[in-house]
Amino acid sequence: MEQYEPDSLSKAQLAAMRRSMRNGRSALTRRGLLRAGGGGALTLGGLGALSGCGIPPAAQSQGGASAEDFSDKEKRVNFSNWTEYMDVAEDDKNRRPTLEAFTKRTGIKVEYAEDVNDNNEFFGKIKPQLAAGQDTGRDLICVTDWLAARLVRFGWAQKLDVANLPHAYANLAPQFRDVEWDPGRAYTYPWAGIAVVVAYNTKATGGREVTSVSQLLDDPKLKGKVGILSEMRDTMGMTMLDMGKDPEKFTTDDFDAAAARLQKAVDKRQIRRFTGNDYTSDLTKGDLAACLAWAGDVVQLQADNPDVKFHIPDSGYITGTDVLLVPNKARHKENAERLIDHYYQPEIAAELAAWINYVCPVAGVKEELAKISEEAANDPLIVPDKEMSEKSNNFRALTPKEETAYEAKFAKLTGA
Amino acid sequence: MTTLTEAPPAAPEPETPAPRRQRRKLTPYWLLLPGILWLLVFFALPMVYQASTSVQTGSLEAGYKVTWHFATYWNALAEYWPQFLTSILYAGLATIFCLLLGYPLAYLIAFRAGRWRNLVLILVIAPFFTSFLIRTLAWKTILADGGPVVGILNSLHVLDVTSWLGMTEGDRILATPLAVVCGLTYNFLPFMVLPLYTSLERIDPRLHEAAGDLYAKPATTFRRVTFPLSMPGVVSGTLLTFIPASGDYVNAQLLGSTSEKMVGNVIQSQFLTVLDYPTAAALSFILMAAILLMVTFYIRKSGTEDLV
């Protein structure tokens, strides 16, 4: 091997240099090691490894959906839910009466975790295990309908056993009974229905009422103080309704028109932020004067801050449903099913609904609610009356291709 | 202990020279092993995995396959270059503000704090006892539209100036570039102060006296003696601030609006919402390459080899 040997060096120096390159410890210089390690590994191993990896199709779950059910041996069930989505005792925030009633009745201990903050984030969290056909450590999860539809489509949710769901089967309210993506509710049962409304803080609007999406997007008095939901379906659905389009059967052109409308509002800095659940603090503080919001949240906010008001737009509103499902390989499937069934007993459902203030999917809850609070029983947000039901709209199911394309377009709107 | 130190040449031990030397040769490698394993598992492997993801195509439905689709890089760059620029601009501004705030602070701790030194140092680190998210959320309250800070700055017409500079908009700070830069500056300030402090603290105070004896004015002493000697601290401080700040997405998410989105936000939304894993991976690599290039150039130019 030819070696670079400068002429300006003496014989002894050259010898020392050569020796240092061959000898013992100094032969292995840091630089040499790096070059050998980095270059070699990257070019040879790296290329092999690169083409070796790949992500298998999601829908192929390995080794079937169900695991051995340990329900009889282990009297436990691991339940993952959203924050503030479960009644708590008035004197002790760590006690959850309806869950305690379940444990008392069945002897099954509920490990309740409030670790669902955002559908996309939660999907990112459970995806690796589900894709690899492993247990997620959760027996029952609560996610929004579109994510549930995706999980069912991938074969990542387990078919429920009707024998364990007598109350649920009998008491599921008719308007929740059939959905396109889960006919006859084979895989999922609703936890609560969520209405998207326009909310505003009268202090920040200077006493103005905000009654429509158009006003959110155009009213110059609200400039820079408008919040829009980062849930694509809720925001796009509300915008389309405002434009007179039907979110249950819209076309890509309708979607693009609605996106363009929102883009205009973004460009003229009308919209301050796209928010998740965090709009609640901004709205109470008045940093957001008006925003799209989830009705149950607003009812809870009003209890602390009477300035917060909401309005259901005349053009209608979008209803989403948060549903319960059992992910693949769950260890305690039967216990999970019994927990679902527990919440379909009208008296339990009433207790929950009175606390969370979202639409209750259980038929016959109105009478039970009346025993707790007459006000709650007559609240159209919990038990929708005829007028409310007529204004309700669903966002239609999307094909996987549409879903990706629409999410990408919506992400552009939010600036990222 | 004795086996590890250099054996004295006068007392050779002829019975066991070979195994002992062998062991001595291997010792550094054994000591390196935990670190190397750590790097392999938590850095090298994820990097290979990510590199592979960035050249795959497919969908979640059909799975992803390596197709050497390098166009992803080009498309990602063409689509999201504004967010790259925003990231570099905000991280750069935050680094400059950190240096302007951090240098006097570190100087004070090193030379003037006396017996308060440890207390002040603890105060610098104290914010780290709470979570990053909570600290950022606190800024939402501090800078709230109706809050005292905005009120005072407004009555002093400071916001007119920042507004003219394009850093704020109207009479608010939240959801503007200024809020994001403030959040970044605050969150990364300790990363600037600590290395600066270490290198300033090492300077022998007698050098200042010597400079004075040679008729150097305090300003000249600082320019000719203190600052050059603190260069390693400046370089490592700016790197420790700039690198994480340019990849940050929390500050832009919570304190910014739609037009303040940084590249971290794009990666997050591509990965979690759009589920376009190749683009997310390619963006991460482009960010890494950009930072690597800038840092290399910066270290070359700054003319310092030591980083602390």
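Predicted model: local features only at pLDDT ≥ 70, side-chain atom pairs only at ≥ 80, totals over all residues.
His157(B) counts as exposed, because 9 C-beta neighbours lie inside 10 Å of this residue, and a residue is exposed if 12 or fewer other C-beta atoms lie within that distance. The backbone at His157(B) has a phi near 60°, a positive value in a residue other than glycine. His157(B) belongs to the loop between helix H5 (148-155) and helix H6 (158-164) of chain B.

Leu275(B) is not a glycine either, and has a positive phi of about 60°. Its place is the loop between helix H12 (263-274) and helix H13 (277-302) of chain B. Is Leu275(B) buried or exposed? Leu275(B) counts as buried, because 22 C-beta neighbours lie inside 10 Å of this residue, and a residue is buried if 20 or more other C-beta atoms lie within that distance.

Chain B is divided into domain 1, covering 1-40, and domain 2, covering 72-302. The C-alpha centres of domain 1 of chain B and domain 2 of chain B are 44 Å apart.

Chain A contains 19 helices and ten strands. Of the 416 residues in chain A, 41% are buried. Among the contacts in chain A with a separation of 6 or more, 75% are accounted for by residues 24 or more positions apart.

The division of chain A is into domain 1 (76-192 + 322-379) and domain 2 (194-319 + 400-413). Eight residues from domain 1 of chain A and seven residues from domain 2 of chain A take part in the contact. On the side of domain 1 of chain A that touches domain 2 of chain A, five residues are nonpolar, one is polar and two are charged. The centres of these domains of chain A, taken over C-alpha atoms, are separated by 27 Å.

Helix H10 of chain A, residues 232-242, is mostly covered, with eleven of its eleven residues buried. The buried residues of H10(A) include Arg233(A), Asp234(A) and Asp242(A), as well as Met232(A), Met236(A), Met238(A) and Met240(A). After H10(A) comes Gly244(A), whose phi is positive, near 80°. Helix H14 of chain A, residues 333-342, is also mostly covered, and eight of its ten residues are buried. Among the buried residues of H14(A) are Lys333(A), Glu337(A), Leu339(A), Ile340(A) and His342(A).

Finally, the two chains meet. How many residues of chain A are in contact with chain B? In chain A, 32 residues are in contact with 34 residues of chain B. Helix H3 (30-52), helix H5 (119-131), strand S6 (271-275) and helix H19 (400-413) of chain A are the elements that give two or more residues to the side of chain A that touches chain B. H19(A) gives the most to that side, with five residues. By class, the residues on the side of chain A that touches chain B comprise 15 nonpolar, ten polar and seven charged.

Notes. Residues numbered from 1 in each chain as written. Chains lettered and ligands numbered in written order. Domains from an automatic or database assignment. Contact = placed C-beta atoms within 7 Å. Nonpolar A, V, L, I, M, F, W, Y, C, P; charged D, E, K, R; others polar. Helix = DSSP H or I, 4+ residues; strand = E, 2+ residues; numbered from the N terminus.
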